[in-house]
Amino acid sequence: MAGGRPFRPSAPRRAAFAALLTLLLLASLAFLLSSGPAAASSRSSSASSPPSRLAAIRRHAADHAAVLAAYAAHARKLKEASAAQSLSFSALSSDLFALSSRLASRGPLPEDARRPLEKEARERIKHARLLAADSKEGFDTQSKIQKLSDTVFAVGEQLARSRRAGRMSSRIAAGSTPKSLHCLAMRLLEARLAKPSAFADDPDPSPAFEDPSLYHYAIFSDNVLAVSVVIASATRAAADPSRHVFHVVTAPMYLPAFRVWFARRPPPLGVHVQLIAYSDFLFLNASFSPVFRQIEAGKRDVTLVDYLRFYLPDMFPALQRVVLLEDDVVVQKDLAALWHVDLDGKVNGAVEMCFGGFRRYRKYLNFTQAIVRDRFSPSACAWEYGVNVFDLEAWRRDGCTELFHQYMELNVDGALWDPTSVLPAGLMTFYGNTKPLDKSWHVMGLGYNPSISPEIIRGAAVIHFNGNMKPWLDVAFNQYKALWTKHVDTEMEFLTLCNFGL
């Protein structure tokens with residue numbers, strides 16, 4: 001009551017109440033201790049206690065660590081076996097190339113000299129087929145292991161994303177889709193090996209390949225799918241496709257895949273396509289090119305196919321003007337007018353990409369080096385590869401290839417620019433020798449910028465998927481991907497076999 005003494009239970013009541021609490025506590029403890037796995041599973045929908053969760057996670061991690069350790073041991077064995085296999089492949093490939101050169105260099109032979117050569121060639125080709133057949137299953141197994149590796153890598157990236165938000169390039173570069181491109185090349189090569197007579201080793205060159213009155217393009221790439229899209233889109237956009245000539249330069253190992261693709265899917269509407277391995281240009285060797293010297297010296301960050309563009313005048317001596325297209329572009333309008341653009345005597349026509357203080361020479365070159373400070377302005381506007389108009393006569397006149405060689409020799413230690421990027425070499429070589437093109441010729445950024453105006457894209461002659469979000473990758477921007485995939489020949493059966501999600 002108000003103002004009275006507080007109620008106090010008697011001593012016997014307090015003892016009884018304490019005993020009841022003790023009994024309840026003991027009953028609860030006994031229930032928890034007697035709960036086995038079945039009881040735990042019946043409560044799976046409710047939250048587990050923190051110690052239980054940690055123990056489960058620890059066991060899960062230990063199990064996966066054991067699995068990965070086993071795979072690591074298996075991978076080490078595979079690496080040793082692959083090294084020996086690689087030596088066998090390389091040796092046999094060298095022997096076959098040497099034999100091919102011997103056969104090509106000889107004129108008509110008498111019967112007694114021809115028969116030993118034919119016998120040797122048949123034996124080596126038989127050996128090559130047996131080696132390829134024995135290795136096929138191993139390659140398929142390794143592709144499965146690679147898929148597991150890609151999955152583990154992707155999980156690791158997801159766990160680390162909170163610590164390095166925004167850094168997506170490593171995840172993209174190691175994604176599973178580039179393996180699909182490799183699969184496509186291998187499938188095309190297998191098709192060629194299965195029916196070698198169906199595909200010409202060295203098709204007769206067309207007179208159009210050296211006709212300077214036609215519209216010539218150069219594409220340097222190992223990606224047969226991407227190149228097919230560039231050519232298909234440009235052909236559909238052209239008013240007169242028969243006047244357009246595409247020169248595709250690739251690595252010798254990928255040339256057979258390109259030939260199979262374009263034999264099965266001939267260029268439409270009379271367009272001309274020349275497929276060339278860079279090894280076909282005999283002047284490209286270490287005695288002439290510092291690029292080859294640096295690669296032979298073990299400089300692995302120089303990608304040969306990217307730097308071949310600096311030899312355009314030597315590769316195509318009969319031509320006067322060439323448009324260089326990257327393999328990650330889509331052509332939306334007829335490009336014939338580029339052969340009539342006045343370059344004011346300059347070598348290179350390109351779209352500039354600077355705005356304000358961004359994307360100027362200071363971003364791409366090391367201005368702490370005296371030669372860079374003396375020859376270039378840090379505020380000079382940078383341009384981008386993707387669509388470039390090259391006047392080859394002006395190039396030869398100004399000795400641009402020789403100038404490029406000088407810069408490559410000076411950058412042997414990577415002090416002037418990052419050698420993994422070919423753009424800085426172009427910015428230096430064509431400094432003061434580049435004519436800006438109208439921006440509608442080349443709209444770039446579809447591989448990194450999700451906010452490009454649809455009106456700008458529709459008005460572009462060429463759209464460029466430069467950046468990490470390539471249109472053949474799963475991470476491509478959905479709003480842009482259809483612009484590329486509509487030019488993919490989806491009836492090519494190898495695309496479904498290689499898991500292209502188109």
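The points below concern the sheet, several helices and a few single residues of a predicted model.

1. Basis. Local features are taken at pLDDT of at least 70 and side-chain atom pairs only at pLDDT 80 or more, while totals for chains, interfaces and linings use all residues. Numbering runs from 1 along each chain as its sequence is written, and side-chain values use heavy atoms, with hydrogens and water left out.

2. The sheet. Seven strands make an open, mixed sheet in the order β3-β2-β1-β4-β7-β6-β8. Its edge strands, β3 (272-277) and β8 (434-436), each pair on one side only. From one strand to the next the twist averages 25 degrees. Helices (H or I, at least four residues) and strands (E, at least two) are DSSP runs numbered from the N terminus; two strands pair if DSSP finds at least two bridges between them.

3. Strands β1 and β2. Residues 215-220 (β1) and 244-250 (β2) run parallel, joined by six bridges. Tyrosine 217 has phenylalanine 246 as its bridge partner in β2.

4. Helices on the sheet. Helix α7 (residues 224-237) packs on the sheet and touches β1, β2, β3 and β4 (321-325), with its direction at about 175 degrees to that of β2. Helix α8 (residues 255-264) also packs there, touching β2 and β3, at about 160 degrees to the direction of β3. Contact here means heavy atoms within 4.5 Å; axes are lines fitted to C-alpha atoms, for helices over the stretch in contact, and angles run from 0 to 180 degrees between N-to-C directions.

5. Threonine 235. This residue is in helix α7 and counts as buried because its relative accessibility is 1%. The cut-offs are under 20% relative accessible area for buried, over 50% for exposed and partly exposed in between (1.4 Å probe, protein chains only). Its side chain reaches the backbone oxygen of isoleucine 231 at 2.7 Å. Leaving aside neighbours within four places in sequence, threonine 235 is in contact with Pro241, Phe246, Pro268, Leu269 and Val271.

6. Lysine 470. Where does lysine 470 lie? It is in the loop between β10 (462-464) and α18 (478-485). Lysine 470 counts as buried because its relative accessibility is 17%. Its side chain reaches the backbone oxygen of phenylalanine 465 at 3.1 Å. Not counting residues up to four places away in sequence, lysine 470 touches Asp328, Phe465 and Ala476.

7. Leucine 181. Helix α6 (residues 177-194) holds leucine 181. Leucine 181 and leucine 473 are 292 residues apart in sequence, but 10.0 Å apart in space, C-alpha to C-alpha. Beyond four places in sequence, leucine 181 touches Asn223, Leu225, Trp472 and Phe500.

8. Helix α15. In α15 (residues 400-410) the buried residues are Cys400, Thr401, Phe404, His405, Tyr407 and Met408. They fall within an arc of 165 degrees seen down the axis, so they line one face of the helix; the arc is that of the directions from the helix axis to the C-beta atoms. Among the elements covering them are α9 (290-296), α13 (370-375) and α16 (423-429).

9. The core. The largest nonpolar core has 121 residues, of which Leu184, Tyr307, Leu308 and Leu325 touch the most other members. Helix α7 gives the most to this core, with nine residues. Such a core is a set of buried Ala, Val, Leu, Ile, Met, Phe, Trp, Tyr and Cys residues joined through side-chain atoms within 4.5 Å. Tyrosine 307 has contacts including Phe404 and Met408, both of which are buried residues of α15.

Note on methods:
A polar contact is a pair of N or O atoms within 3.5 Å; within protein, one must be able to donate a hydrogen and the other to accept it, and residues adjacent in sequence count only if both atoms are side-chain atoms.
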